[in-house]
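Keep the structure open as you go.

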Amino acid sequence: GSGQALTLTAILDNGASFVQTYRLEEGSYNVDYNVQVLGLSNYLDLSAGGIRLNWVNYLSKLEKNETYERNYSTIYFKPAEDSADHCSCTGDDSESPEGKLKWISATNQFFNTSIIADTYFESGNFETEVLGEESEALKKVAASVVLPAENLNDFAMDMYIGPNQFENLQAYDVELTDIVPFGSSIFGTVNRWIIRPIFNFFNRYFNNLGVAIILLTLVVKLALYPLQYRMIHSQSKMGVLKPKLAALKEKYPDDSQKVQMETMKMYQEYGVNPLGGCMPIVLQMPIWFALYRFFPASIEFRQKGFLWASDLSSYDVFASLPFEIPFYGDHVSLFTILWAGTTVIYTFYNSRHMDMSTNPAMKYMQYFMPIMFLFVFNNYAAGLTCYLFFSNVLNITQTVVTKRVISDDKLLKELEGNKNKPKKKGGFASRLEKAVGEAQKMKEQQEKNKKKR
(Lines give C-alpha, C1' and ligand atoms only; values in the text may rest on other atoms or scores of the structure.)
Protein backbone atom coordinates (compact mmCIF):
# COMPACT_ATOMS: atom_id res chain seq x y z
CA GLY A 1 0.00 0.00 0.00
CA SER A 2 1.03 3.62 -0.46
CA GLY A 3 -0.40 6.85 0.88
CA GLN A 4 -4.18 6.59 0.93
CA ALA A 5 -4.33 3.40 -1.19
CA LEU A 6 -4.02 -0.28 -0.30
CA THR A 7 -3.69 -3.02 -2.90
CA LEU A 8 -4.00 -6.74 -2.07
CA THR A 9 -2.87 -9.15 -4.77
CA ALA A 10 -3.10 -12.93 -4.94
CA ILE A 11 -0.91 -14.39 -7.72
CA LEU A 12 -1.48 -17.90 -9.06
CA ASP A 13 0.23 -20.03 -11.72
CA ASN A 14 0.65 -18.74 -15.28
CA GLY A 15 0.44 -15.11 -14.15
CA ALA A 16 -3.22 -15.28 -13.09
CA SER A 17 -4.09 -12.85 -10.28
CA PHE A 18 -6.86 -11.60 -8.06
CA VAL A 19 -6.41 -7.92 -7.11
CA GLN A 20 -8.36 -5.80 -4.62
CA THR A 21 -7.64 -2.07 -4.32
CA TYR A 22 -8.94 0.26 -1.60
CA ARG A 23 -8.38 4.01 -1.99
CA LEU A 24 -9.45 6.55 0.68
CA GLU A 25 -10.78 9.88 -0.53
CA GLU A 26 -9.44 12.93 1.31
CA GLY A 27 -12.02 14.56 3.60
CA SER A 28 -14.68 12.01 2.71
CA TYR A 29 -16.37 8.90 4.09
CA ASN A 30 -15.94 7.27 0.68
CA VAL A 31 -13.55 4.44 -0.23
CA ASP A 32 -12.94 3.51 -3.87
CA TYR A 33 -13.03 -0.28 -4.05
CA ASN A 34 -11.89 -2.15 -7.18
CA VAL A 35 -11.75 -5.87 -7.93
CA GLN A 36 -9.67 -7.24 -10.83
CA VAL A 37 -9.77 -10.89 -11.84
CA LEU A 38 -7.06 -11.56 -14.42
CA GLY A 39 -6.43 -14.87 -16.16
CA LEU A 40 -8.56 -16.87 -13.72
CA SER A 41 -10.94 -18.44 -16.25
CA ASN A 42 -9.18 -21.80 -15.80
CA TYR A 43 -9.64 -21.65 -12.05
CA LEU A 44 -13.17 -20.24 -11.68
CA ASP A 45 -16.57 -21.59 -12.65
CA LEU A 46 -18.29 -18.57 -14.23
CA SER A 47 -21.39 -20.50 -15.31
CA ALA A 48 -23.38 -18.75 -12.57
CA GLY A 49 -22.70 -15.40 -14.25
CA GLY A 50 -19.66 -14.20 -12.33
CA ILE A 51 -17.92 -14.50 -8.98
CA ARG A 52 -19.67 -14.13 -5.66
CA LEU A 53 -18.77 -11.47 -3.09
CA ASN A 54 -19.76 -12.53 0.43
CA TRP A 55 -20.04 -9.88 3.14
CA VAL A 56 -20.86 -10.42 6.82
CA ASN A 57 -21.37 -7.51 9.21
CA TYR A 58 -22.17 -7.36 12.92
CA LEU A 59 -24.18 -4.22 13.73
CA SER A 60 -22.86 -2.83 17.01
CA LYS A 61 -24.77 -1.40 19.98
CA LEU A 62 -24.05 2.33 19.92
CA GLU A 63 -27.09 4.17 21.31
CA LYS A 64 -28.75 4.68 24.70
CA ASN A 65 -32.12 3.29 23.59
CA GLU A 66 -31.20 -0.21 22.47
CA THR A 67 -34.79 -1.15 21.60
CA TYR A 68 -35.21 1.59 19.01
CA GLU A 69 -31.66 1.13 17.76
CA ARG A 70 -32.43 -2.53 17.09
CA ASN A 71 -35.64 -1.66 15.26
CA TYR A 72 -33.83 0.81 12.99
CA SER A 73 -31.00 -1.59 12.05
CA THR A 74 -31.01 -3.98 9.10
CA ILE A 75 -29.58 -4.56 5.62
CA TYR A 76 -30.91 -2.55 2.66
CA PHE A 77 -30.56 -3.26 -1.06
CA LYS A 78 -31.47 -1.36 -4.21
CA PRO A 79 -32.80 -3.28 -7.24
CA ALA A 80 -31.74 -1.67 -10.51
CA GLU A 81 -35.30 -1.14 -11.72
CA ASP A 82 -37.17 -0.72 -8.44
CA SER A 83 -37.21 1.16 -5.15
CA ALA A 84 -34.87 0.23 -2.30
CA ASP A 85 -36.00 -2.55 0.03
CA HIS A 86 -34.69 -4.16 3.19
CA CYS A 87 -34.84 -7.24 5.39
CA SER A 88 -37.10 -7.17 8.43
CA CYS A 89 -36.05 -4.78 11.19
CA THR A 90 -37.74 -6.75 13.98
CA GLY A 91 -36.94 -10.41 13.31
CA ASP A 92 -34.77 -12.88 11.41
CA ASP A 93 -35.28 -12.58 7.67
CA SER A 94 -33.86 -13.45 4.26
CA GLU A 95 -34.49 -11.82 0.89
CA SER A 96 -33.49 -12.81 -2.66
CA PRO A 97 -34.69 -10.05 -5.00
CA GLU A 98 -34.93 -10.75 -8.71
CA GLY A 99 -32.71 -8.97 -11.20
CA LYS A 100 -29.68 -6.71 -10.95
CA LEU A 101 -28.78 -4.61 -7.91
CA LYS A 102 -27.20 -1.15 -7.61
CA TRP A 103 -26.11 -1.13 -3.95
CA ILE A 104 -26.27 -2.85 -0.58
CA SER A 105 -26.09 -1.23 2.85
CA ALA A 106 -25.62 -2.57 6.39
CA THR A 107 -27.38 0.12 8.42
CA ASN A 108 -27.49 1.02 12.09
CA GLN A 109 -29.84 3.65 13.51
CA PHE A 110 -27.37 6.44 12.67
CA PHE A 111 -24.45 4.85 10.77
CA ASN A 112 -24.02 2.60 7.74
CA THR A 113 -21.56 0.76 5.56
CA SER A 114 -22.69 0.68 1.94
CA ILE A 115 -21.23 -0.85 -1.22
CA ILE A 116 -22.31 0.85 -4.46
CA ALA A 117 -21.51 -0.69 -7.86
CA ASP A 118 -20.41 1.60 -10.68
CA THR A 119 -22.45 -0.66 -12.97
CA TYR A 120 -24.59 -3.35 -11.28
CA PHE A 121 -24.35 -6.51 -9.24
CA GLU A 122 -25.78 -9.42 -11.21
CA SER A 123 -27.89 -10.73 -8.30
CA GLY A 124 -27.90 -11.00 -4.52
CA ASN A 125 -29.11 -12.75 -1.37
CA PHE A 126 -29.52 -11.04 1.99
CA GLU A 127 -30.04 -12.23 5.56
CA THR A 128 -30.52 -10.70 9.01
CA GLU A 129 -30.26 -12.47 12.35
CA VAL A 130 -31.39 -10.77 15.56
CA LEU A 131 -28.87 -11.49 18.32
CA GLY A 132 -29.74 -11.92 22.00
CA GLU A 133 -29.51 -9.12 24.53
CA GLU A 134 -26.37 -10.70 26.01
CA SER A 135 -24.55 -10.32 22.67
CA GLU A 136 -22.20 -7.40 22.07
CA ALA A 137 -23.92 -6.74 18.72
CA LEU A 138 -27.53 -6.03 17.80
CA LYS A 139 -27.75 -8.10 14.65
CA LYS A 140 -25.75 -10.12 12.20
CA VAL A 141 -26.38 -9.13 8.58
CA ALA A 142 -25.04 -10.98 5.57
CA ALA A 143 -25.00 -10.21 1.86
CA SER A 144 -23.94 -12.35 -1.07
CA VAL A 145 -23.79 -10.57 -4.44
CA VAL A 146 -22.57 -11.71 -7.86
CA LEU A 147 -20.01 -9.61 -9.74
CA PRO A 148 -20.79 -10.02 -13.48
CA ALA A 149 -18.28 -12.04 -15.52
CA GLU A 150 -17.96 -9.43 -18.31
CA ASN A 151 -16.65 -6.78 -15.89
CA LEU A 152 -14.23 -8.88 -13.85
CA ASN A 153 -11.14 -7.34 -15.42
CA ASP A 154 -11.99 -4.14 -13.49
CA PHE A 155 -15.14 -4.07 -11.35
CA ALA A 156 -15.36 -0.68 -9.63
CA MET A 157 -17.35 0.08 -6.48
CA ASP A 158 -17.72 2.85 -3.91
CA MET A 159 -17.85 2.08 -0.21
CA TYR A 160 -19.51 4.63 2.08
CA ILE A 161 -18.53 4.10 5.72
CA GLY A 162 -20.00 6.82 7.91
CA PRO A 163 -23.03 8.59 9.38
CA ASN A 164 -26.55 8.54 7.91
CA GLN A 165 -26.33 12.20 6.94
CA PHE A 166 -28.91 12.91 4.28
CA GLU A 167 -26.77 15.26 2.19
CA ASN A 168 -23.80 12.84 2.13
CA LEU A 169 -25.99 9.99 0.94
CA GLN A 170 -27.87 12.16 -1.53
CA ALA A 171 -24.58 13.11 -3.24
CA TYR A 172 -24.29 9.56 -4.65
CA ASP A 173 -27.50 10.13 -6.65
CA VAL A 174 -28.55 6.46 -6.40
CA GLU A 175 -31.40 6.80 -3.85
CA LEU A 176 -29.07 5.86 -1.00
CA THR A 177 -31.06 8.27 1.20
CA ASP A 178 -33.72 5.53 1.41
CA ILE A 179 -31.69 3.91 4.20
CA VAL A 180 -32.65 6.82 6.49
CA PRO A 181 -35.94 5.48 7.91
CA PHE A 182 -38.06 8.60 7.48
CA GLY A 183 -40.88 6.43 6.13
CA SER A 184 -41.91 5.32 2.65
CA SER A 185 -45.40 6.88 2.59
CA ILE A 186 -46.42 10.55 2.43
CA PHE A 187 -44.95 10.96 5.93
CA GLY A 188 -41.51 10.10 4.55
CA THR A 189 -41.94 12.71 1.82
CA VAL A 190 -42.94 15.32 4.43
CA ASN A 191 -39.85 14.44 6.50
CA ARG A 192 -37.38 14.51 3.61
CA TRP A 193 -38.50 17.61 1.76
CA ILE A 194 -40.37 19.79 4.30
CA ILE A 195 -39.44 19.11 7.93
CA ARG A 196 -35.74 18.32 7.34
CA PRO A 197 -35.03 21.52 5.35
CA ILE A 198 -36.92 23.62 7.94
CA PHE A 199 -34.81 22.17 10.76
CA ASN A 200 -31.63 22.67 8.77
CA PHE A 201 -32.55 26.32 8.14
CA PHE A 202 -33.28 27.05 11.81
CA ASN A 203 -30.23 25.13 13.00
CA ARG A 204 -27.99 27.05 10.61
CA TYR A 205 -28.93 30.38 12.21
CA PHE A 206 -29.47 29.38 15.83
CA ASN A 207 -27.15 26.37 16.22
CA ASN A 208 -29.46 24.83 18.82
CA LEU A 209 -31.81 22.06 17.82
CA GLY A 210 -34.02 22.63 20.86
CA VAL A 211 -34.61 26.20 19.67
CA ALA A 212 -35.22 24.79 16.16
CA ILE A 213 -37.96 22.53 17.60
CA ILE A 214 -39.66 25.52 19.27
CA LEU A 215 -39.44 27.57 16.06
CA LEU A 216 -40.89 24.70 14.00
CA THR A 217 -43.75 24.47 16.50
CA LEU A 218 -44.33 28.21 16.16
CA VAL A 219 -44.36 28.02 12.34
CA VAL A 220 -46.91 25.18 12.37
CA LYS A 221 -49.14 26.98 14.87
CA LEU A 222 -49.05 30.27 12.96
CA ALA A 223 -49.83 28.49 9.69
CA LEU A 224 -52.84 26.74 11.25
CA TYR A 225 -54.05 29.69 13.31
CA PRO A 226 -56.84 30.71 10.89
CA LEU A 227 -58.31 27.22 11.31
CA GLN A 228 -57.58 27.32 15.04
CA TYR A 229 -59.51 30.59 15.24
CA ARG A 230 -62.49 29.01 13.46
CA MET A 231 -62.34 26.06 15.86
CA ILE A 232 -62.30 28.33 18.93
CA HIS A 233 -65.03 30.47 17.39
CA SER A 234 -67.20 27.38 16.83
CA GLN A 235 -66.59 26.14 20.39
CA SER A 236 -67.46 29.57 21.80
CA LYS A 237 -70.75 29.60 19.87
CA MET A 238 -71.61 26.21 21.34
CA GLY A 239 -70.82 27.62 24.78
CA VAL A 240 -73.24 30.51 24.22
CA LEU A 241 -75.93 28.02 23.15
CA LYS A 242 -75.40 25.85 26.22
CA PRO A 243 -78.35 27.36 28.21
CA LYS A 244 -80.69 26.75 25.26
CA LEU A 245 -79.45 23.15 24.98
CA ALA A 246 -80.02 22.66 28.71
CA ALA A 247 -83.61 23.90 28.22
CA LEU A 248 -84.15 21.17 25.62
CA LYS A 249 -83.21 18.49 28.15
CA GLU A 250 -85.66 19.92 30.64
CA LYS A 251 -88.36 19.96 27.95
CA TYR A 252 -87.73 16.33 26.88
CA PRO A 253 -86.25 14.69 30.00
CA ASP A 254 -87.03 11.11 28.94
CA ASP A 255 -86.45 11.28 25.20
CA SER A 256 -82.75 11.49 24.32
CA GLN A 257 -83.38 11.02 20.59
CA LYS A 258 -85.78 13.95 20.56
CA VAL A 259 -83.16 16.05 22.36
CA GLN A 260 -80.55 15.09 19.73
CA MET A 261 -82.92 15.95 16.88
CA GLU A 262 -83.84 19.32 18.37
CA THR A 263 -80.16 20.00 19.10
CA MET A 264 -79.29 19.41 15.43
CA LYS A 265 -82.11 21.74 14.42
CA MET A 266 -80.80 24.39 16.77
CA TYR A 267 -77.23 24.03 15.45
CA GLN A 268 -78.49 24.47 11.89
CA GLU A 269 -80.77 27.34 12.84
CA TYR A 270 -77.98 29.31 14.53
CA GLY A 271 -75.26 28.33 12.03
CA VAL A 272 -73.15 26.23 14.44
CA ASN A 273 -71.01 23.35 13.17
CA PRO A 274 -70.45 20.83 16.01
CA LEU A 275 -67.49 19.37 14.09
CA GLY A 276 -65.91 22.76 13.40
CA GLY A 277 -63.11 22.09 15.88
CA CYS A 278 -61.79 18.96 14.20
CA MET A 279 -60.01 20.40 11.16
CA PRO A 280 -56.88 21.86 12.86
CA ILE A 281 -56.33 18.53 14.63
CA VAL A 282 -56.79 16.58 11.37
CA LEU A 283 -54.33 18.85 9.52
CA GLN A 284 -51.71 18.50 12.26
CA MET A 285 -51.85 14.71 12.30
CA PRO A 286 -49.59 14.20 9.21
CA ILE A 287 -46.97 16.40 10.93
CA TRP A 288 -47.27 14.41 14.17
CA PHE A 289 -46.90 11.08 12.36
CA ALA A 290 -43.98 12.41 10.32
CA LEU A 291 -42.16 13.71 13.41
CA TYR A 292 -42.74 10.35 15.10
CA ARG A 293 -40.37 8.91 12.47
CA PHE A 294 -38.19 12.00 12.04
CA PHE A 295 -36.48 12.41 15.44
CA PRO A 296 -35.17 8.84 15.98
CA ALA A 297 -34.02 8.67 12.35
CA SER A 298 -32.14 12.00 12.10
CA ILE A 299 -28.49 11.86 13.14
CA GLU A 300 -28.53 15.65 13.58
CA PHE A 301 -30.35 15.13 16.91
CA ARG A 302 -28.02 12.37 18.12
CA GLN A 303 -26.43 13.37 21.45
CA LYS A 304 -27.65 16.96 21.03
CA GLY A 305 -29.08 18.25 24.31
CA PHE A 306 -31.75 20.77 25.22
CA LEU A 307 -32.72 21.81 28.75
CA TRP A 308 -32.55 18.61 30.84
CA ALA A 309 -32.57 16.25 27.81
CA SER A 310 -29.06 15.08 26.93
CA ASP A 311 -30.02 13.39 23.63
CA LEU A 312 -33.01 14.59 21.58
CA SER A 313 -32.92 11.42 19.46
CA SER A 314 -33.61 9.29 22.54
CA TYR A 315 -35.70 9.56 25.72
CA ASP A 316 -34.91 12.21 28.32
CA VAL A 317 -34.20 10.99 31.85
CA PHE A 318 -35.38 13.46 34.47
CA ALA A 319 -35.37 10.81 37.20
CA SER A 320 -34.13 7.21 37.33
CA LEU A 321 -36.25 4.60 39.09
CA PRO A 322 -34.73 1.87 41.31
CA PHE A 323 -36.98 -0.66 39.53
CA GLU A 324 -38.57 -1.18 36.11
CA ILE A 325 -42.29 -0.66 35.54
CA PRO A 326 -43.71 -2.96 32.82
CA PHE A 327 -44.37 -1.10 29.54
CA TYR A 328 -43.07 2.13 31.15
CA GLY A 329 -39.38 1.65 31.93
CA ASP A 330 -36.92 2.47 34.69
CA HIS A 331 -36.91 6.24 34.24
CA VAL A 332 -39.22 9.26 34.11
CA SER A 333 -39.32 11.40 30.97
CA LEU A 334 -40.19 14.94 32.06
CA PHE A 335 -41.12 16.11 28.55
CA THR A 336 -43.65 13.26 28.42
CA ILE A 337 -45.07 14.23 31.84
CA LEU A 338 -45.34 17.88 30.75
CA TRP A 339 -47.00 16.92 27.48
CA ALA A 340 -49.56 14.70 29.26
CA GLY A 341 -50.25 17.38 31.90
CA THR A 342 -50.79 20.17 29.36
CA THR A 343 -52.96 17.84 27.25
CA VAL A 344 -55.22 17.27 30.26
CA ILE A 345 -55.37 21.04 30.96
CA TYR A 346 -56.14 21.84 27.31
CA THR A 347 -58.80 19.11 27.13
CA PHE A 348 -60.48 20.32 30.32
CA TYR A 349 -60.45 23.95 29.21
CA ASN A 350 -61.96 23.11 25.80
CA SER A 351 -64.59 20.65 27.05
CA ARG A 352 -66.18 23.00 29.58
CA HIS A 353 -68.68 24.22 26.99
CA MET A 354 -69.28 20.84 25.37
CA ASP A 355 -72.49 19.00 26.08
CA MET A 356 -71.68 15.39 26.94
CA SER A 357 -74.80 14.52 28.90
CA THR A 358 -76.03 12.22 26.14
CA ASN A 359 -72.74 10.28 26.32
CA PRO A 360 -71.22 10.76 29.81
CA ALA A 361 -68.48 8.20 29.11
CA MET A 362 -66.91 10.61 26.61
CA LYS A 363 -66.29 13.06 29.43
CA TYR A 364 -63.81 10.64 30.94
CA MET A 365 -62.58 8.87 27.78
CA GLN A 366 -60.99 12.10 26.51
CA TYR A 367 -58.53 11.95 29.41
CA PHE A 368 -57.60 8.34 28.72
CA MET A 369 -55.42 9.16 25.68
CA PRO A 370 -52.73 11.24 27.46
CA ILE A 371 -52.56 8.65 30.27
CA MET A 372 -52.12 5.81 27.77
CA PHE A 373 -49.44 7.69 25.81
CA LEU A 374 -47.45 8.27 28.99
CA PHE A 375 -46.31 4.66 28.53
CA VAL A 376 -45.63 5.06 24.80
CA PHE A 377 -43.71 8.35 24.89
CA ASN A 378 -41.72 7.68 28.08
CA ASN A 379 -39.23 5.68 26.01
CA TYR A 380 -39.47 7.74 22.84
CA ALA A 381 -37.29 10.47 21.34
CA ALA A 382 -37.23 13.60 23.52
CA GLY A 383 -37.35 15.72 20.36
CA LEU A 384 -40.92 14.56 19.70
CA THR A 385 -42.20 14.99 23.26
CA CYS A 386 -40.49 18.39 23.41
CA TYR A 387 -42.35 19.41 20.23
CA LEU A 388 -45.68 18.09 21.56
CA PHE A 389 -45.23 19.90 24.88
CA PHE A 390 -44.49 23.28 23.29
CA SER A 391 -47.31 22.67 20.82
CA ASN A 392 -49.70 22.30 23.76
CA VAL A 393 -48.34 25.46 25.41
CA LEU A 394 -48.99 27.42 22.21
CA ASN A 395 -52.43 25.79 21.83
CA ILE A 396 -53.42 26.88 25.33
CA THR A 397 -52.03 30.40 24.80
CA GLN A 398 -53.82 30.82 21.46
CA THR A 399 -57.08 29.52 22.90
CA VAL A 400 -57.06 31.70 26.03
CA VAL A 401 -56.15 34.87 24.12
CA THR A 402 -58.61 34.22 21.29
CA LYS A 403 -61.51 33.46 23.64
CA ARG A 404 -60.89 36.77 25.43
CA VAL A 405 -61.10 38.57 22.08
CA ILE A 406 -64.34 36.80 21.15
CA SER A 407 -66.97 38.25 23.51
CA ASP A 408 -70.27 36.52 24.32
CA ASP A 409 -72.23 39.66 23.35
CA LYS A 410 -70.74 39.64 19.84
CA LEU A 411 -71.43 35.92 19.52
CA LEU A 412 -75.08 36.35 20.58
CA LYS A 413 -75.57 39.03 17.92
CA GLU A 414 -73.91 36.77 15.35
CA LEU A 415 -76.08 33.79 16.30
CA GLU A 416 -79.28 35.87 16.15
CA GLY A 417 -78.19 37.15 12.76
CA ASN A 418 -77.61 33.55 11.58
CA LYS A 419 -81.06 32.59 12.85
CA ASN A 420 -82.74 35.22 10.68
CA LYS A 421 -80.85 34.31 7.52
CA PRO A 422 -82.47 32.01 4.93
CA LYS A 423 -81.09 28.49 5.36
CA LYS A 424 -79.44 26.48 2.61
CA LYS A 425 -80.56 22.93 2.14
CA GLY A 426 -78.04 20.13 2.31
CA GLY A 427 -74.74 19.95 4.13
CA PHE A 428 -73.54 17.65 6.88
CA ALA A 429 -75.76 19.20 9.57
CA SER A 430 -78.89 18.68 7.43
CA ARG A 431 -77.99 15.07 6.72
CA LEU A 432 -77.28 14.44 10.38
CA GLU A 433 -80.57 16.08 11.38
CA LYS A 434 -82.42 13.97 8.81
CA ALA A 435 -80.80 10.77 10.14
CA VAL A 436 -81.74 11.68 13.73
CA GLY A 437 -85.31 12.53 12.60
CA GLU A 438 -85.69 9.18 10.85
CA ALA A 439 -84.44 7.41 13.96
CA GLN A 440 -87.00 9.37 16.01
CA LYS A 441 -89.81 8.35 13.65
CA MET A 442 -88.75 4.71 13.87
CA LYS A 443 -88.77 4.91 17.65
CA GLU A 444 -92.26 6.49 17.68
CA GLN A 445 -93.54 3.81 15.29
CA GLN A 446 -92.10 1.06 17.52
CA GLU A 447 -93.83 2.58 20.54
CA LYS A 448 -97.16 2.68 18.64
CA ASN A 449 -96.77 -0.97 17.67
CA LYS A 450 -96.16 -1.89 21.31
CA LYS A 451 -99.34 -0.09 22.39
CA LYS A 452 -101.38 -1.97 19.77
CA ARG A 453 -100.15 -5.26 21.17
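Q: Where does Gln-303 lie?

A: Gln-303 sits in the loop between H7 and strand S13 (319–325). Helices (H or I, at least four residues) and strands (E, at least two) are DSSP runs, numbered from the N terminus. This is a predicted model: local features need pLDDT of at least 70, side-chain atom pairs count only at pLDDT 80 or more, and totals for chains, interfaces and linings use all residues. Residues are numbered from 1 along each chain as its sequence is written, and side-chain values use heavy atoms, with hydrogens and water left out.

Q: Is Gln-303 buried or exposed?

A: Start with the cut-offs: buried means under 20% relative accessible area, exposed over 50%, and partly exposed in between (1.4 Å probe, protein chains only). Gln-303 has 51% relative accessibility, so it counts as exposed.

Q: What is the phi of Gln-303?

A: The general idea comes first. Most residues other than glycine have a negative phi. Gln-303 has a positive phi of about 60°, although it is not a glycine. Glu-175 also has a positive value, near 65°, and is a residue other than glycine. Glu-175 lies in the loop between H2 and H3. Its relative accessible area is 44%, so Glu-175 is partly exposed.

Q: How many helices and strands are in the protein?

A: The protein has 13 helices and 14 strands. Of its 453 residues, 44% are buried. Now look at contacts, meaning heavy atoms within 4.5 Å. Among contacts with a separation of 6 or more, 67% join residues 24 or more positions apart.

Q: Which residues touch the most other members of the largest nonpolar core?

A: In soluble globular proteins, nonpolar side chains tend to be buried together. A nonpolar core is a set of buried Ala, Val, Leu, Ile, Met, Phe, Trp, Tyr and Cys residues joined through side-chain atoms within 4.5 Å. Here the largest core has 47 residues, and Phe-199, Leu-291 and Phe-295 touch the most other members. Elements giving two or more residues to this core include helix H3 (186–206), helix H4 (209–240), helix H7 (279–297) and helix H11 (382–405). H11 gives the largest share, 7 residues.

Q: What does Phe-295 touch?

A: Leave out residues up to four places away in sequence. Phe-295 then touches Phe-199, Ile-213, Phe-301, Leu-312, Ser-313, Ala-381, Gly-383 and Leu-384. There is also a second, separate core of 27 residues, which includes Leu-40, Ile-75, Leu-101 and Leu-152.

Q: At what angle do the axes of H3 and H4 cross?

A: Axes are lines fitted to C-alpha atoms, for helices over the stretch in contact, and angles run from 0 to 180 degrees between N-to-C directions. The axes of H3 and H4 cross at roughly 125° and come within 9 Å. That makes H3 oblique to H4. As for the cut-offs, under 35 degrees is roughly parallel, over 145 roughly antiparallel, 65 to 115 roughly perpendicular, and the rest oblique.

Q: Which residues of H3 and H4 meet?

A: From H3 come Ile-195, Ile-198, Phe-199, Phe-202, Asn-203 and Phe-206; from H4 come Leu-209, Val-211, Ala-212, Ile-213, Leu-215, Leu-216 and Val-219. By class, this contact of H3 with H4 has 12 nonpolar, 1 polar and no charged residues. The classes are these: Ala, Val, Leu, Ile, Met, Phe, Trp, Tyr, Cys and Pro are nonpolar, Asp, Glu, Lys and Arg are charged, and the others, Gly among them, are polar.

Q: At what angle do H4 and H11 pack?

A: The angle is about 40°, with the axes of H4 and H11 9 Å apart. H4 and H11 are therefore oblique to each other. The contact of H4 with H11 divides into 12 nonpolar, 10 polar and 2 charged residues.

Q: Is Thr-399 buried or exposed?

A: Thr-399 belongs to helix H11. It has 0% relative accessibility, so Thr-399 counts as buried. Apart from neighbours within four places in sequence, Thr-399 contacts Gln-228, Ile-232, Tyr-346, Tyr-349 and Asn-350.

Q: Which residues is Phe-373 in contact with?

A: Phe-373 lies in helix H10. Setting aside neighbours within four places in sequence, Phe-373 contacts Thr-336, Trp-339 and Asn-378. Phe-373 and Thr-336 are 37 residues apart along the chain, yet their C-alpha atoms are separated by 8.4 Å. Phe-373 has 25% relative accessibility, so it counts as partly exposed.
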